Amino acid sequence: MKIELLRNCSHGSEIATYLVSNRRPLKIIKVASTINGILDLKSEIVGWNWYQEIRYAAMETPICKVLKENKNYLKIEIDYIEGRHGDYRKGLIYAENVIKQVIGHYSAIWPVSQNGMAPLHGDFSLENIIINDNGVNIFDWEHFTLDAAPWGFDPIYLLFEGLWFSFERKKRLNKKEIKIVSQCIQLLERKHLSKNFADHPLNFLISFMHDNKHLWRTQVNKFPVPRFTQEQVCFIDKTITRLRQS
Amino acid sequence: MTLLNYLNSQYEKIDDGVFVSDIEGYWSNLTKAENKIMLGSLKDGNAREALLRHQPWLEDVIYSLKRQAGLEILQLHGDEVCIDYGCMWGALTVPLALRTKFVLGVDQTLESLQFLKARLRDEGVDNVVLLRNDLRKMPIFPEHDRVDIAIVNGVLEWIPEEGDIELKTYYGKHHNKTYSGHPIEQQESFLRRVHQNLNQKGKLYLAIENRFDFKMFLGIKDPHSNTLFTSVLPRKVANWISLVKLGRPYINWTYSFKDIACLLKNTGFSKVEMYMCFPDYRFPESIISYDRSMDNYRQSISIKNANGRITIKRIFGRIAELVLFRVLKAKALAPSIIAIGHK
C-alpha cells in the first residue's frame, strides 16, 4: 500500500491531502495540524456524515473516519469514489449536461428549513463532483455548515464559477453560457429557490459571501466568483432576468 | 523510556535541558553573531516572535505547514520512537512529535537546539529530547534502545562537510579548504550508523535533491555549492570547477534515484521505496511513488516569479516540466527524492 501527496495546503487551505492506493485507489487521507485546518476537517466529518445519511443511507460503515486525533493534529480517512470528475476547462456549454445532472441531484435531496435556509457545502465546484454509474457524488466537505445558506446557494455558486472560468479564458461573457445559467436557475426556482435570489442571483450570491466570510474561515479569497466587477454583475443579472422573462 | 536513560548515562545535560557531547560544531544559515542576538531575545518573548523580530525570512523555512507533508508517507501509528538527524530548528521535529511517542533531535549546532528548546516550550511539546552531537559520531545504541524511525532530511549531502559553517559567508564563496575523507565513504559510514540504530522493523526517511533534477540542466545553480552544472557533471569535472571557483573540492554529493537505492542497499537496508517530490522535498506540493504511474502528477512551476511577474525563464521551465513529466514521464529527472529504507 502506497501513500502519495496530492495537495499540500493549497489555495490558503491548511490541510494536506493524500491518496492511498494498492494498484487501485482505495482511500483519501486528509491531515491538519493547525486550529483552522482541524476545524475544516471536523466540518468535513460532519458534512460526510450528513451526506451519507441522505445519499448513501444503505451503507453501514462510515465513509469518513477519524484515524488519529490529538490537541494539535487530526487525520481522517475517506473512502475513494471512482468515476469521472466534473471539468470546466472546455466551458459551460460542454459541461451543460453534467451541470443539469448536478442540479437535479441537489434539488432531489437537499432539504430546506422553514426560513428558506439549507445546509451549505461551501465549495460546490465541478472539481468536487464525481459522476459514476450511481449518479452524482459530492465530496470535499471542509466548509460544510448546517442551515447556513439560502437554499440553492451551492448550485448557483457552481454555475457562476463555471461562467467565471469561461470569462477568464475568453476574456468576454458568452450569451449562450449565460442562457445555460438562466435555464438552470429556472430549474431551481421550480423547487425552493427564493424570488429574491432568483431575481439578482449573482449579486445576491456575492453579497452573501461578503457578509458571511466566517463560513469559509481562512479560505474566502480562493473563490473566484466575487472577482466579477460590479458592472459585470449588473450585466449578468440583467441578462438572466431578461432570459427568464422571455 | 530506556533511550532517555541511555542519554542520561552518556551525556552531560546543560542548563536548558539539552544533552551535549564533548564534540562542538556549527552549521547554520545564520552567523554566530545573528544567532546570539536572536537567542538573547528569547528571554523577552516566544521563539516565533524572536525569529520574526530578527530573522523574519526564516519563518517559512522553520514553520511552514508544507514542510511536514512527507512524514505521512511513513504511515506512522503513533507509538514510534524516532531520531531526527540534523534537526536544526525543528521543522520536522515538532510535526514528528505530534504524530509519534518520542523524538530525539540531534544537531551539532547548540544555538539551533536552544531555539528549538524554546519553541518546544512555547508549543507545549513535551515528547522531544535534544542532543548536540556530530552526526558522524553518533554512538551505536544498546539493542533495546534502538528506534523505529530515523529522519535524514536534507542532511546526507552535508555529511562530508567539515569545520564550522556559517552558510551566509560560505555558500558560493571562495574558501580554501581540504577534506580528510571521501564524500561517499563518509555518507555510507553515516548511513550504516543510522541503520544500526534502527530496530528490526525500523524505517529511514531520507529526503534529498535529485542529482539529475531537470532544473540543473536548465541553468539553475547547484543548491549546495551555488555553481552551474556541478551536480550533473562527472564528479571529477565538478571537483575541478569547485576548486577553481570556490577553492575547495566538490563534496556535497547528491545522487540519482538508482544511486540512492544502491547506497541504501549497500548500507544494510533490505527494502527501499522511492518517491518523487515536486517542486522539491522541502516544500512539496506533490509526492508520487516512483513505481506508480504519473497520473497524480501536477505541474509545480508557476509562470510567475516571487514578485508576481511572468518571466521567460519560468515559462520555459513550465513547458520543460510539462513535456518531461506529463508527456515523456521522465521520472529520473524529478526534482527531489524521498526514500523510505526498511531495516
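In this predicted model, strands β2 and β3 (residues 24-32) of chain A pair in the antiparallel sense over eight bridges. Two facing pairs mark this pairing: A:Thr17 stands opposite A:Lys30 in β3(A), and the bridge partner of A:Leu19 in β3(A) is A:Ile28. The hairpin that β2(A) forms with β3(A) has one residue between the strands, and A:Arg23 takes a positive phi near 70° in this hairpin.

A:Arg23 is placed in the loop between β2 and β3 of chain A. Its phi of about 70° is positive although the residue is not a glycine. Is A:Arg23 buried or exposed? A:Arg23 counts as exposed because it has 8 C-beta neighbours inside 10 Å, and the limit for that class is 12 or fewer.

**Further strand pairings in chain A**

Strand β2(A) also pairs with β1(A). Strand β1 (residues 2-8) and strand β2 (residues 15-22) of chain A run antiparallel and are joined by six bridges. Here A:Arg7 has A:Thr17 as its bridge partner in β2(A). The hairpin of β1(A) and β2(A) has six residues between the strands, and within it A:Cys9 takes a positive phi near 50°.

On β3(A) there is a further pairing, with strand β5 (residues 73-79) of chain A; it is antiparallel and has six bridges. In this pairing A:Ile29 stands opposite A:Glu77 in β5(A).

| Strand pair | Bridges |
|---|---|
| β1(A) and β2(A) | six bridges |
| β2(A) and β3(A) | eight bridges |
| β3(A) and β5(A) | six bridges |
| β8(A) and β9(A) | four bridges |

**The sheet of β6, β8 and β9**

Another part of chain A holds an open sheet of three strands, in the order β6-β8-β9, with antiparallel pairing. Which strands stand at the edges? They are β6 (84-85) and β9 (135-138) of chain A; each has a single partner strand, so one side of each is left without a neighbour in the sheet. Strand β8 (residues 129-132) of chain A is paired with β9(A) over four bridges, in the antiparallel sense. Across this pairing, A:Ile130 stands opposite A:Asn137 in β9(A). Helix α2 (residues 92-109) of chain A lies across β8 and β9 of chain A and runs at about 75° to β9(A).

**Two domains of chain A**

The domain assignment divides chain A into domain 1 (2-79) and domain 2 (84-245). The C-alpha centres of domain 1 and domain 2 of chain A lie 24 Å apart. Between them, 17 residues of domain 1 of chain A are in contact with 13 residues of domain 2 of chain A. On the side of domain 1 of chain A that touches domain 2 of chain A, helix α1 (residues 35-55) of chain A gives the most, with twelve residues. By class, that side of domain 1 of chain A has seven nonpolar, six polar and four charged residues.

**Contact between the chains**

Where chains A and B meet, the contact takes 19 residues from chain A and 18 residues from chain B. Which elements give two or more residues to the side of chain B that touches chain A? They are α5 (93-99) and β11 (286-289) of chain B. The largest share of that side, four residues, comes from β11(B). The residues of the side of chain B that touches chain A divide into eight nonpolar, five polar and five charged.

**Local features of chain B**

A cis peptide bond, with omega about -5°, joins B:Phe278 and B:Pro279. B:Pro279 is found in the loop between β10 (271-278) and β11 of chain B.

B:Gln75 lies in another loop of chain B, between α4 (59-63) and β4 (81-85). Its phi is near 50°, a positive value in a residue other than glycine. B:Gln75 counts as partly exposed because it has 13 C-beta neighbours inside 10 Å. B:Gln75 and B:Ile140 are 65 residues apart in sequence, and their C-alpha atoms are 26 Å apart in space.

**Confidence of the prediction**

Chain B has a mean pLDDT of 93, and 100% of its residues reach 70 or more. For the complex, the predictor gives an ipTM of 0.94 and a pTM of 0.94.

How values were computed
Residues are numbered from 1 along each chain as its sequence is written. Chains are lettered from A and ligands numbered from 1 in the order in which they are written. This is a predicted model: local features need pLDDT of at least 70, side-chain atom pairs count only at pLDDT 80 or more; totals for chains, interfaces and linings use all residues. Domain bounds come from an automatic or database domain assignment. Two residues are in contact if their C-beta atoms, placed from the backbone, lie within 7 Å. Ala, Val, Leu, Ile, Met, Phe, Trp, Tyr, Cys and Pro count as nonpolar, Asp, Glu, Lys and Arg as charged, and the others, Gly among them, as polar. A residue is buried if 20 or more other C-beta atoms lie within 10 Å of its own, exposed if 12 or fewer, and partly exposed in between; C-beta atoms are placed from the backbone. Two strands pair if DSSP finds at least two bridges between them. Axes are lines fitted to C-alpha atoms, for helices over the stretch in contact, and angles run from 0 to 180 degrees between N-to-C directions. pLDDT is the predictor's confidence in each residue, from 0 to 100.
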